[in-house]
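Open the model in your viewer and keep the selection panel at hand.

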Amino acid sequence: MNPLIHTLHVAVPTAFDIDEQLDHQTTIAHMLRLQKEGIHSFLVCGSTGEQHSLSLVEKISLVDAIAAETRFSPDTELLFGVAGIRYQETHRLAAHIAKLPQVAGIVLGFPPYLCPTQTEAIAYAKGVIHAADKPVILYNNPRRTGFDLSIDSLSILAKDPRVIGLKEAGDVQRISTIKSQLPADFRFYAGGEQGLIEKVQLGFGGLSSMAGNLCPQEIIACWQELIQTKFLAIDTPAWRQIIDAAAGDPTQTISYLPWLKAQLRAQGSGFGHCRTPLGMSHLAGADQ
């Protein structure tokens with residue numbers, strides 16, 4: 001049985017103040033607002049790329065602050081993103097998380113830019129999985145990292161019962177091939193809402209939502225219908241709102257995270273800023 005109850009989690013961005021200092025309380029306040037809207041599973045320090053701007057000390061302070069928060073519901077599942085250029089630091093973070101019962105599991109990404117071999121990636125993942133000793137969702141995102149986890153490597157890692165899922169942002173068509181080689185309760189997570197209906201029809205049974213930051217009730221309702229029926233009408237106001245929230249700035253002049261945080265500020269969250277260079281679009285050409 002898959003030890004994670006919820007098939008939907010919201011990947012929350014990280015709050016920073018105007019000086020780009022980590023803002024724990026605003027991050028937590030956003031999560032608590034989403035909880036009031038019905039969200040009961042959160043991915044922190046993952047899916048937004050901001051984790052790679054955080055030092056090990058900052059990551060530990062963030063997970064400690066979230067673990068110490070007493071206002072989360074008893075059924076809330078807290079997931080923490082674990083990835084980094086340096087294996088030793090990633091291992092230390094995983095070992096620290098192992099001591100925190102409030103964290104239900106980790107989402108394990110692969111090092112960006114380094115482009116490890118499959119053998120190196122397997123060794124990296126095995127060491128972190130052992131250190132965390134919690135349910136693990138692997139995260140394959142070749143466009144962002146330059147590394148693409150092979151089917152054979154996934155099969156090797158999935159032999160560890162702690163590896164309970166894969167967040168796949170690469171070739172989604174391969175899921176039908178992979179499913180037959182893995183346990184029946186192994187869960188495939190879609191990274192975001194783009195192409196979500198097709199992905200569920202291909203066999204995805206989990207969602208790591210970005211749109212849920214802006215329209216949590218709509219994503220809950222649409223996800224429940226989609227996971228039950230494998231179909232969703234795309235001409236409803238709720239679905240259009242979700243797709244707009246997942247797409248970001250319609251003018252494409254700013255990247256997704258600055259746009260998302262601007263929307264959250266407009267909703268009254270006072271969410272904060274991005275660490276530059278994200279959010280610098282308004283400075284384009286200023287020095288020319």
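Select β3 first: with three residues, this strand gives the most to the lining of the largest cavity. Strands here are DSSP runs of E, at least two residues, and helices are runs of H or I, at least four, numbered from the N terminus. This is a predicted model, where local features need pLDDT of at least 70, side-chain atom pairs count only at pLDDT 80 or more, and totals for chains, interfaces and linings use all residues. Residues are numbered from 1 along each chain as its sequence is written, and side-chain values use heavy atoms, without hydrogens and water.

Now show Val44, Val63, Ile66, Leu78, Leu79, Phe80 and Val103, which line the largest cavity. A cavity is a set of points, on a 1 Å grid over the protein atoms alone, where a 1.4 Å probe fits but cannot get out; lining residues have an atom within 4 Å of a point. Two elements give two or more residues to this lining: α2 (56-68) and β3 (77-82). The space amounts to about 30 Å³, as filled by probe spheres set on the points, which are joined across faces, edges and corners.

Next, the largest pocket: about 1000 Å³. A pocket is an open set of points with protein on both sides within 12 Å along at least five of seven lines. Select Ser47, Thr48, Tyr139, Asn141 and Arg144, the closest to its centre of 36 lining residues. Then colour α5 (142-145), β6 (163-168), α10 (237-247) and α11 (256-266), which each give two or more residues to the pocket lining. α5 gives the most, with three.
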